[in-house]
Structure formats: C-alpha cells, structure tokens
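Let's take a friendly walk through this structure. We begin with its sheet, then turn to the helices, a loop and the ligand.

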Amino acid sequence: HVVVVGSFNVDHVWNCATLPRLGETLSGRYHTGPGGKGFNQAIAAARAGAATGFLCALGNDDGGRQARALAEADGIDLRVHDSSQPTGTAGIYVDEAGHNTIVIGAGANADLSVAWLGRQAAALAGARVLLSQLESPLDSVLEAMRLARAAGTITMLNPAPANAQCLRELLAAADILTPNETEFAALLERHTSHRIDSDAIAGTPDAQLHRLCRTLLPRGTVVITLGAAGAFVSHREDLLRGDDVPFYRVAAGKVEPVDTTGAGDAFNGALAAAYAAAHAHPFAEHVRFANRYAGLSTEHVGAALAMPRLAVGG
Ligand code: ADP
C-alpha cells in the first residue's frame, strides 16, 4: 500500500476577470474545497485503487473535521497529529486566463513534527511506497523518508512547491523524484552547476535531459512531468533489467482540460498507486497510467475532489 505524508489545506478560491493589483478591491466568484498537496495526492492514490494511509497535522476546527470526514469517505487510513494551530488554508485568486496567485497559511501543517513521525514508524514500514512533498516541515519529511527507506519502503519525493528549500539530504533520501519543469529547473540551479530554462525542458534532447537527471539524482529515478507533453523518465543505468531502457518519454492522454490545478498531485498519487500495485512491472507502464489519470483530473474543476475514480489496471 501507499503512505502519503503531507499537508491538508482548506482552499478558498476566487475566480476574477483579472488578478487584483496593489490596493485594488475586486469581486469574484467564490468557492471553497479541500486541497493541500499531501491530501490531493492521498485522494488520488486512494481513487487509483491503492490502500492508502495519510499522515498529517490538523487543527481542532471545521477544516480538521472536514479532512477527517473526506478521508473516511475515500477509505483512507488517516493518522493525525493534533495541532493547537488552525487547519491549513490557501487563498487563491484565478484570472480568466487561468493564471493564479496563492497565499498559504500553513497553520497546523507547520506542526507536523519529527517526534510525532517517529511514532508512526510502523505505518511507514508497512507501506510499499512512501510519497511526500515539501509543504510540510522539511526535517519531518526527511525523517519520514529515512524511516521508510530503513524499512525497505520505496521513497517518492514530489519536490513541490518549487520555492521550497529542497535540501540535498532530501534528494539523497529519494528513490523516485518527480519534479515538474519549474521544480526541475530550480533543483538544478540549487544543487548543480547546470542551468536550464524551464520553458526549454520539453524541447531538450532526451540524452541531454538524462545526463542532467543523473547529475541531480545519481542514485534514483527522475520523472519530470511536462504538462500536456506528458513525462520524461530517467533511470539509474546499472539498475536496469532485461529490455529496460535508461531514458524515455511517455505521452500525455488526449484530454480537454478545464482546470489543471492539482494535475501534478494526480500524477504523483497515481504513480505511487501503480508502482505499489505491481512494482515488478516495467516502470513505463506506471508512468502511462499516471499520465492517463492526471489527464482525466484536468477535465474536472477543483483539487482533491477533482481526482477521478480510475483504478490501476481498470
Ligand atoms: P503541475 O500540475 O505540477 O504543474 P504538470 O503541468 O507537469 O504538473 O502536469 C502533471 C501531469 O498532468 C502531466 O505529466 C500530464 O500527465 C497531466 N497533464 C497536465 N496538463 C495536461 C494537458 N493539458 N493535457 C494532458 N495531460 C495533462
């Protein structure tokens, strides 16, 4: 099964004609719904058919109760670090072109502690795959990855958001790293002497991308998500078996996107679920499923609640 360690936020979303300028007051269409990268990815893994656990911190408030009810409805084994802070929130403005600005109130998410995670070691050890992101305290994410790896659980890190300080220790603890283009460019800049413009990644020759991935994560697999262009995969060459190839692209599904919010989260949850279900199968098969799953998620508006119900192998 899959265990996700990460954030839960109540998203407050305003759709406006334009984004507000400094000092400006606008009106927009409002809706609220559950989000947070961790929770989105846990819902995706569960709806992709994986037995899923979610480790997070929640406040004693409506947001916290909402998270518990939603996790239960999707059959997620929720383990909560009770926080005296309010449950995490995100204020999101979206303009007509789909551009957004976001302010996150980490709240309870900032309380997810190393000590509490240490007490969840058995849950981490029982999983086939641990999936985490960088919306939680980084020392706690690192602790979860170390505990998981020590127990033989495969560690998957989605290094998002791009402006989070992804420490070298975190990279070293990841068996599978899943940046989008912006995150990949930011990681290269932070951790290597190489530079790449995020807009140039999809057009970069595969052999060159592979070399950059190997420089960034010599010991692990790198999966760069490329939006409508699908994903690029780079494997450590000495771990390949039989007919495996070290690097390749997997095309995205043909979809009519209405809202790409959470597409990366859908991809990560689905990839973890597919890998956990059949880890001995060719990795490309899991990436194909993740692309299909993430593509479908863009056809619905919203974050966690837009995750499709599409089981691995279904
Ligand atoms: P993020 O949401 O983190 O920016 P991407 O934009 O790379 O991540 O999207 C993640 C995945 O979602 C892609 O690898 C692809 O599978 C799917 N996806 C995103 N946008 C589209 C699209 N326009 N058409 C088809 N699939 C898409």
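Nine strands form an open sheet with mixed pairing, in the order E5-E4-E1-E8-E9-E10-E11-E12-E13. Strands pair if DSSP finds at least two bridges between them; strands (E, at least two residues) and helices (H or I, at least four) are DSSP runs numbered from the N terminus. At the edges are E5 (77-83) and E13 (247-250), each pairing on one side only. E13 runs antiparallel to E12 (residues 231-234), and four bridges join them.

This is a predicted model, in which local features need pLDDT of at least 70, side-chain atom pairs count only at pLDDT 80 or more, and totals for chains, interfaces and linings use all residues. Residues are numbered from 1 along each chain as its sequence is written.

| Helix | Strands | Angle |
|---|---|---|
| H1 (residues 37-47) | touches E1 (2-5), E4 (52-59), E8 (129-132) | about 155° with E4 |
| H9 (residues 263-277) | lies across E1, E8, E9 (154-157), E11 (221-225) | about 170° to E8 |

Contact means C-beta atoms, placed from the backbone, within 7 Å. Angles run from 0 to 180 degrees between N-to-C directions, with axes fitted to C-alpha atoms, for helices over the stretch in contact.

Asp243 sits in the loop between E12 and E13. Is Asp243 buried or exposed? Asp243 is exposed because 6 other C-beta atoms lie within 10 Å (exposed means 12 or fewer, buried 20 or more, partly exposed in between, with C-beta atoms placed from the backbone).

Around the ligand there are 19 residues, of which Thr225, Gly227, Ala263, Gly264 and Ala294 come nearest. A residue counts as near if its C-beta atom, placed from the backbone, lies within 6 Å. H9 and H10 (283-297) each give two or more residues to this shell.

Notes. Two residues are in contact if their C-beta atoms, placed from the backbone, lie within 7 Å.
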